[in-house]
Amino acid sequence: MSDTTPGDGSSGTGDGTRAVRAGLPEPVKHEPTLPGPVFAAHFHLPGDPTGPYTYGRDENPTWTLLEEAIGGLEAPGADGVETLVFASGMAAISSVIFSQLRAGDAVVLPSDGYQVLPLVRAQLEAYGIEVRTAPTGGDAQLEVLDGAKLLWIESPSNPGLDVCDIRRLVEAAHARGALVAVDNTLATPLGQRPLELGADFAVASGTKQLTGHGDILLGYVTGRAGEAMTAVRRWRKIIGAIPGPMEAWLAHRSIATLALRVDRQDATALKVAEALRSHPDVTGLRYPGLPDDPSHKIASQQMQRFGCVVSFVLPSRERADAFLDALRLVDDATSFGGVRSTAERRGRWGGDAVPEGFIRLSVGAEDPEDLVADVLRALEESAR
């Protein structure tokens with residue numbers, strides 16, 4: 001840990017105040033508000049190897065401030081919570097899964113989650129770990145919890161945007177002796193706080209809306225201090241999946257605008273979803289913020305914001321490709337959460353069980369009227 005006492009914005013209770021002040025050290029005259037990145041593979045270490053910083057793979061002052069910032073957003077005001085940052089979201093996901101499970105254990109994964117999870121499943125099974133799967137909607141994972149060591153929740157799910165009752169699943173899992181990790185990437189800490197809902201871990205890709213500019217690969221795990229998080233820290237040390245100091249500093253800088261970006265992007269996502277709802281060629285529209293979305297009721301009980309991603313289906317692969325080609329304000333690119341809107345036909349990757357015409361649209365920070373007009377115009381042009 002740092003020698004300073006980083007602030008978490010606790011003197012103000014608003015999300016924007018927390019985001020702007022998150023992880024800042026106590027002010028020192030003539031020092032910058034946010035210290036620059038510390039580039040160091042090793043530190044002066046005479047005598048016994050004690051203290052917060054010994055070797056660059058284990059700790060870094062720039063990570064410390066970022067970890068304080070993220071922890072202050074995921075669990076504001078909570079004691080006994082720690083955060084670890086990683087080189088990517090998958091590094092963070094892998095650290096939890098592989099640090100907690102052993103041969104003979106069972107884990108429950110979502111069958112409709114992030115497309116790399118099937119690769120994780122294959123690796124787990126190769127290690128002699130039983131993998132059970134169930135869809136996110138309807139809390140279906142309840143049916144396969146008995147005897148599991150770890151329950152992995154992705155809510156909202158990516159890319160289908162289904163939502164499960166996290167409190168209910170956590171209570172059921174804990175009653176059976178299982179730990180619970182929640183992938184909070186799509187919601188962000190300003191949209192949902194899994195630890196407040198009872199989860200043991202909040203895990204996310206900071207590559208997405210948390211940092212929001214599409215120029216950083218980052219992941220993190222926030223959890224209650226104790227044996228489980230100690231195992232995650234040990235796993236990070238073993239595999240060395242650490243972020244560079246420049247990436248960590250850029251991420252911390254970007255978090256200051258998180259509330260501004262999230263408020264703009266999520267509000268615009270709702271407007272886009274409302275515009276798509278009445279279009280005759282659009283089916284399977286999903287956005288948890290829509291009052292008639294199947295997930296809206298439970299989402300409104302556990303989420304403060306509903307995310308920047310809208311998903312829907314066009315009649316064919318050809319129509320979807322034509323729609324994407326006709327967009328002028330939306331880049332055809334993967335990932336989501338950036339300030340510039342992106343969209344893609346998810347079926348092109350082959351890892352998601354979605355129709356050929358399935359579109360995942362990530363809403364950026366453009367003017368809402370301009371973005372809605374661009375989407376509707378592209379729908380009309382692609383129909384010709």
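Contact denotes heavy atoms within 4.5 Å. The model is predicted: local features need pLDDT of at least 70 and side-chain atom pairs count only at pLDDT 80 or more, while totals for chains, interfaces and linings use all residues. Residues are numbered from 1 along each chain as its sequence is written, and side-chain values use heavy atoms, with hydrogens and water left out.

View A. The loop between β6 (201-205) and β7 (219-224) holds Lys208; strands (E, at least two residues) and helices (H or I, at least four) are DSSP runs numbered from the N terminus. Lys208 is buried at a relative accessible area of 13%, because buried means under 20% (1.4 Å probe, protein chains only). Apart from neighbours within four places in sequence, Lys208 contacts Thr185, Ser335, Phe336 and Gly337. An unreviewed UniProt entry lists Lys208 under "modified residue: N6-(pyridoxal phosphate)lysine"; such annotations may be inferred rather than shown by experiment.

**View B. The largest nonpolar core.** A nonpolar core is a set of buried Ala, Val, Leu, Ile, Met, Phe, Trp, Tyr and Cys residues joined through side-chain atoms within 4.5 Å. Among the 33 residues of the largest one, Leu276, Phe312 and Phe323 touch the most other members. Elements that each supply at least two residues of this core include α8 (258-277), β9 (309-313) and α11 (368-382). Not counting residues up to four places away in sequence, Leu276 touches Val282, Leu285, Val310, Phe312, Val375 and Leu379.

Methods. Buried means under 20% relative accessible area, exposed over 50%, partly exposed in between (1.4 Å probe, protein chains only).
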